[in-house]
Number of protein chains: 2
Amino acid sequence: MLTLSEAVRPVTFIESVKLREHLGLDVVVATETFQHTGSFKFRAAYNLASNVPNDEILSASSGNFGQALAYACRLVGKRCTVVMPETSAKVKIDAVRDFGATVDLIDTNVIGRNERVAQLAAEMPDAYFASAYDNEYVIAGNATLGDELATGDFDAVVTPVGGGGLISGLATGLRRSGSNAEMYGAEPELANDASRSFKVGSIIPNEVEPMTIADGARTISLGNLNWPIIREHVSGFIEVPEADIRNAVKLFFSLVNLKSEPTGALSLAAVAADTDKWKGKRLCVVVSGGNVDPGIYKDLIG
Amino acid sequence: MLTLSEAVRPVTFIESVKLREHLGLDVVVATETFQHTGSFKFRAAYNLASNVPNDEILSASSGNFGQALAYACRLVGKRCTVVMPETSAKVKIDAVRDFGATVDLIDTNVIGRNERVAQLAAEMPDAYFASAYDNEYVIAGNATLGDELATGDFDAVVTPVGGGGLISGLATGLRRSGSNAEMYGAEPELANDASRSFKVGSIIPNEVEPMTIADGARTISLGNLNWPIIREHVSGFIEVPEADIRNAVKLFFSLVNLKSEPTGALSLAAVAADTDKWKGKRLCVVVSGGNVDPGIYKDLIG
């Protein structure tokens, strides 16, 4: 069985002169769109699947964690069941199935993800339940991306935020690898629970699953394990309007030749909205993933 | 001034499990879509701009060489004029201008590129005329990509072909770096002059500028300097129907998260059309560039 560092594809750094001149910033793109299964989630999923003793793993995911976990379980020879909202991107649902996992589709207006997971967990007592973000193996897996970013000598790192698994993993990796880069989270204005939580100083959930185009950020709240790491290491959160998310996907297309999913473009959207904030800093924008339905993507670049 | 190896961005290798399983092949994508200015052409352009003694450079290009040369000239402080067909992708025309070069747009039904270049050369006697492919600096610049591919230990390399600058450069780099990988060129069926030339054993031009969607391959013929290198090192050419080019762009989008321009996808199209040919080989498909108008791209992935 491959070790985590053998299994993971290193992040791809891109310094696009067109993007740098468009923004007037010393900005480097760090993209996980070419990571196995198309998003950073494979780092977490492989670390989890290869380390838990159970032969069966159960999870809930809007898609990227699902396909990452499905592929990781296949690599290490374990069974996998993924609960997905039926509103998830079709490419993501198909990919989870193609990697050999069982997909359990739910209507989130009828039953919550957690509720459905609890039902399934009762039916599968030997399965390990894996949160897509609130899990020590997930954070440790994502920390490998922080280790890699530490080589870039950045003053600030901006990253998309959903449940907080990525930003807490990045912080863990960056700090243990000696980087003191400021860390910022970018989340949809429609799903601004991290921003609100950070201001108040305790976890505040969204009232309902937010229907932002950034489907990777349709989470109810930050995770309990992510929260203390975020409080200690994150400098702030930036709330991104839907129109800015769309525009950032288009900027990546036009200026970087990069296919990003809407969630992945949150970081660029946050930076582009207020370039003065980043002047004079060596800046890294993290693109978390690239899996997006062609129908949605066509609309975004049009 | 940066040396060539300092100025060039290393090629990005991608091993996509989805693509490998879709094709049933041991295939690695080597993409130059993140090279400076979005295509491999920067390698040639920088080598040329930094080595010729002239302060002004004149060229003709359907776009990618134009913007690469424009940017390279800016980096080394030289003036640049690029003759472009008015049918070139709009993003490419705009980019050449944005990098500070003079764009000379022509209607190729009224005047040929070579004719217009001759007119301009007479007006600018001190300018160096740079062919986008038939030039020793161009081949030597592109050879750096061959050096990089040699590290991949490939049995076969498939690459898009227009005027032959890329494939002759690749051959030069691969061989001097100790690789004996078989080399194949992929060109549009509508612009099959390389294939016809290779069969006959001498350069045969296209009758007219071929209106393939692969706008980087709208060349009249292979270059004289490229030809002997091609004859010595290339194993064959594959003619790609337009529909296959379109489908390959879509495959890159769906399975690799890669934004390719139509010309860049010629190599994948050639491989996908006859997978039996490549069984048992460690295969590299070269993606030459990613610059494509959003309007065209939307249509391709739809």
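The following legends describe close-up views of a predicted model.

**View 1. The open sheet of chain A.** Six strands of chain A form an open sheet in the order β1-β2-β10-β7-β8-β9, and their pairing is mixed. At the edges stand β1 (12-14) and β9 (234-240) of chain A, each of which pairs on one side only. From one strand to the next, the twist averages 25°.

**View 2. The pairing of β1(A) with β2 of chain A.** Strand β2 of chain A comprises residues 26-31 and pairs with β1(A) in the antiparallel sense, over three bridges. Within this pair, Ile14(A) stands opposite Val29(A), a residue of β2(A).

**View 3. Two helices lying across strands of chain A.** Helix α8 of chain A, residues 165-176, lies across β7 (156-160), β8 (182-188), β9 and β10 (282-287) of chain A. The helix α8 runs at about 170° to β8(A). Helix α11 of chain A, residues 242-256, lies across β1, β2, β8, β9 and β10 of chain A. Its angle to β9(A) is about 100°.

**View 4. The largest nonpolar core and the surroundings of Leu258(B).** The largest nonpolar core has 78 residues. The residues with the most contacts inside this core are Leu258, Trp278 and Tyr297 of chain A, together with Leu258, Trp278 and Tyr297 of chain B. When neighbours within four places in sequence are left aside, Leu258(B) is in contact with Phe34(A) and with several residues of chain B, including Ile14(B), Val29(B), Phe252(B), Val287(B) and Tyr297(B). Another core, of 34 residues, lies apart from the largest one; among its members are Ala49(A), Ala95(A), Ala132(A) and Tyr133(A).

Definitions and conventions: Residues numbered from 1 in each chain as written. Chains lettered and ligands numbered in written order. Predicted model: local features only at pLDDT ≥ 70, side-chain atom pairs only at ≥ 80, totals over all residues. Heavy atoms only, no water. Pairing = 2+ DSSP bridges. Helix = DSSP H or I, 4+ residues; strand = E, 2+ residues; numbered from the N terminus. Axes fitted to C-alpha atoms, helices over the stretch in contact; angles between N-to-C directions. Contact = heavy atoms within 4.5 Å. Core = buried A, V, L, I, M, F, W, Y, C linked by side-chain atoms within 4.5 Å. Buried < 20%, exposed > 50% of the residue type's maximum accessible area, 1.4 Å probe, protein only.
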